[in-house]
Amino acid sequence: MLSSKTSRRLVALALGTGLVSAALGTAVPASAQPAPLAPATANARYVGGAEGAAGNKAFFDAVLKSVAKRQTANPSLASVTVYYNASQAPSFRSQISSAASIWNSSVSNVKLQSTTGGADFTYYEGNDSRGSYASTNGHGSGYIFLDYAQNRQYDSIRVTAHETGHVLGLPDHYSGPCSELMSGGGPGTSCTNRYPNTTERSRVNQLWANGLAKALAKVNKAA
């Protein structure tokens with residue numbers, strides 16, 4: 001058991017790393033900490049497990065709210081942009097960039113853009129027995145974690161694009177075919193499809209049209 005002094009030092013270390021995003025209050029993944037301070041309660045894993053649908057929705061709703069606040073504060077913005085910070089996953093910079101490009105070429109109502117400052121969500125890397133996952137505590141805070149071993153076993157860009165799909169509002173569907181990006185690791189390691197299918201693209205566009213409109217209405221009403 002950690003002493004209270006050690007616990008305070010770990011908390012200070014976690015807060016001092018600057019890993020908390022301005023929009024979502026992102027938690028540091030357990031494998032990147034000296035000790036787990038606040039483990040997530042719902043993980044959407046690439047290879048299966050507890051889907052955490054409610055947590056995924058909370059994560060998506062928080063991103064929507066963050067973007068809506070930015071749109072309201074800057075009414076001249078011509079497009080809807082979700083900002084991500086990849087600085088904590090340097091080994092996967094290329095895969096993250098490719099995943100963002102895939103989604104940006106697949107949907108029209110929302111775009112992903114890299115930033116080194118405050119972001120709507122953050123990527124992390126490391127070793128975790130759960131593999132890669134989009135993680136949330138069920139209250140809107142979340143991040144994408146990319147596991148080293150799993151990304152050597154499966155197509156790394158597919159893994160990254162799949163996890164990014166959660167941020168855009170899509171749930172896991174492990175029983176789906178390889179042509180379905182959100183089937184994740186369900187089709188096996190031979191599946192290398194990196195692109196969302198027509199249904200997934202349509203769903204994201206719908207979510208970011210209707211969902212954002214509702215979020216904007218809530219933000220404007222609260223203001």
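Start by selecting Gly117, which is partly exposed at a relative accessible area of 37%; buried means under 20% relative accessible area, exposed over 50%, and partly exposed in between, taken with a 1.4 Å probe and protein chains only. The model is predicted, so local features need pLDDT of at least 70 and side-chain atom pairs count only at pLDDT 80 or more, while totals for chains, interfaces and linings use all residues. Residues are numbered from 1 along each chain as its sequence is written, and side-chain values use heavy atoms, with hydrogens and water left out.

**Around Gly117**

Gly117 sits in the loop between strand 3 (111-114) and strand 4 (121-126). Helices (H or I, at least four residues) and strands (E, at least two) are DSSP runs, numbered from the N terminus.

**The whole chain**

Zoom out and colour by secondary structure. The chain has six helices and six strands, in the order α-β-α-β-α-β-β-β-β-α-α-α from the N terminus. Of its 223 residues, 47% are buried. Among contacts (heavy atoms within 4.5 Å) with a separation of 6 or more, 66% are between residues 24 or more positions apart. The chain exposes about 10400 Å², and carbon and sulfur atoms supply 52% of that area; accessible areas come from the Shrake-Rupley method with a 1.4 Å probe, and for residues only the protein chains shown count as cover.

**Salt bridges**

The structure holds four salt bridges, each defined as a side-chain nitrogen of Lys or Arg within 4 Å of a carboxyl oxygen of Asp or Glu. Side chains of opposite charge can pair when their charged atoms come close.

- Select Asp120 and Arg70, whose side chains form a salt bridge at 3.0 Å, N to O. This pair links distant parts of the chain, 50 residues apart: Asp120 is in the loop between strand 3 and strand 4, and Arg70 is in helix 2. Asp120 is buried at 1% relative accessibility, whereas Arg70 is partly exposed at 22%.
- Lys57 counts as exposed at 52% relative accessibility, and Asp61 as partly exposed at 32%.
- Move to Arg130 and Asp128, where the side chains meet in a salt bridge of 2.9 Å, N to O. Arg130 is partly exposed at 23% relative accessibility, while Asp128 is buried at 10%.

**The positive patch**

Which residues gather in a patch of positive charge on the surface? Select Lys65, Lys69, Lys214 and Lys218. Patches are made of residues with over 30% relative accessible area and no salt bridge, with like charges joined within 9 Å and nonpolar side chains (Val, Leu, Ile, Met, Phe, Trp, Tyr) within 5 Å. Lys and Arg count as positive and Asp and Glu as negative, with His and the chain ends not counted. The place of a charge is NZ of Lys, CZ of Arg, CG of Asp or CD of Glu.

Helix 2 (53-73) and helix 6 (198-222) are the elements that give two or more residues to this patch. End on Lys65, which is in helix 2 and is partly exposed, with a relative accessible area of 49%.
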